[in-house]
Amino acid sequence: MINGEAQRELTVAKIVALREALAKVEQDAPGKRSTALRGSYEGMIRQLEDELHEYERLKSGELSWGNSAAGRIRARARNLKAGGFDWDACKADRDAGRP
């Protein structure tokens, strides 16, 4: 989760570095190791891009904190701490493709 401009800049730098690493892996001969690395890099890039996009939406006011992934995760943590867990909400989030 990105909490400020400094973290945003670090996230952008990480994305650039991961894309460079991915380009190098794609030049390697195909094999199990390169396939695994490629999948790993692609997954990390997607996750960081999602976090960056969410931060931009929060910053612009397009998305409210309560509707963000971080807000939903914190709400679930509070529910767990209080001894409850809303399986229906988790299923609804998963069905909608949200973390």
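Trainee: Which residues make up the largest nonpolar core?

Mentor: Keep in mind that this is a predicted model. In soluble globular proteins, nonpolar side chains tend to be buried together. Here the largest nonpolar core has 10 residues: Ile2, Ile15, Leu18, Leu22, Val25, Tyr41, Ile45, Leu48, Leu52 and Tyr55. Helices α1 (5-27) and α2 each supply at least two residues of this core, and α2 gives the largest share, 5 residues.

Trainee: Is Leu48 buried or exposed?

Mentor: Buried means under 20% relative accessible area. Leu48 counts as buried because its relative accessibility is 15%. Leu48 lies in helix α2, which covers residues 32-60.

Trainee: Which residues does Leu48 touch, leaving out those up to four places away in sequence?

Mentor: Leu48 touches Thr11, Lys14, Ile15 and Leu18. Seen from Ile15, with neighbours within four places in sequence left aside, the contacts are Ile45, Leu48, Glu49 and Leu52. Sequence distance and spatial distance should be read separately. Leu48 and Met1 are 47 residues apart in sequence, yet their C-alpha atoms are 8.8 Å apart in space.

Trainee: How do α1 and α2 pack, roughly parallel or roughly antiparallel?

Mentor: Angles over 145 degrees count as roughly antiparallel. The angle between α1 and α2 is about 155°, and their axes are 9 Å apart. The two helices, α1 and α2, are therefore roughly antiparallel to each other. Their crossing is left-handed. The residues of the contact of α1 with α2 comprise 13 nonpolar, 2 polar and 10 charged.

Conventions
Residues are numbered from 1 along each chain as its sequence is written. This is a predicted model: local features need pLDDT of at least 70, side-chain atom pairs count only at pLDDT 80 or more; totals for chains, interfaces and linings use all residues. Side-chain values use heavy atoms; hydrogens and water are left out. Helices (H or I, at least four residues) and strands (E, at least two) are DSSP runs, numbered from the N terminus. Buried means under 20% relative accessible area, exposed over 50%, partly exposed in between (1.4 Å probe, protein chains only). Contact means heavy atoms within 4.5 Å. A nonpolar core is a set of buried Ala, Val, Leu, Ile, Met, Phe, Trp, Tyr and Cys residues joined through side-chain atoms within 4.5 Å. Axes are lines fitted to C-alpha atoms, for helices over the stretch in contact, and angles run from 0 to 180 degrees between N-to-C directions. Angles under 35 degrees count as roughly parallel, over 145 as roughly antiparallel, 65 to 115 as roughly perpendicular and the rest as oblique. A crossing is left-handed if the near helix is turned anticlockwise from the far one by less than a right angle, and right-handed if clockwise. Ala, Val, Leu, Ile, Met, Phe, Trp, Tyr, Cys and Pro count as nonpolar, Asp, Glu, Lys and Arg as charged, and the others, Gly among them, as polar.
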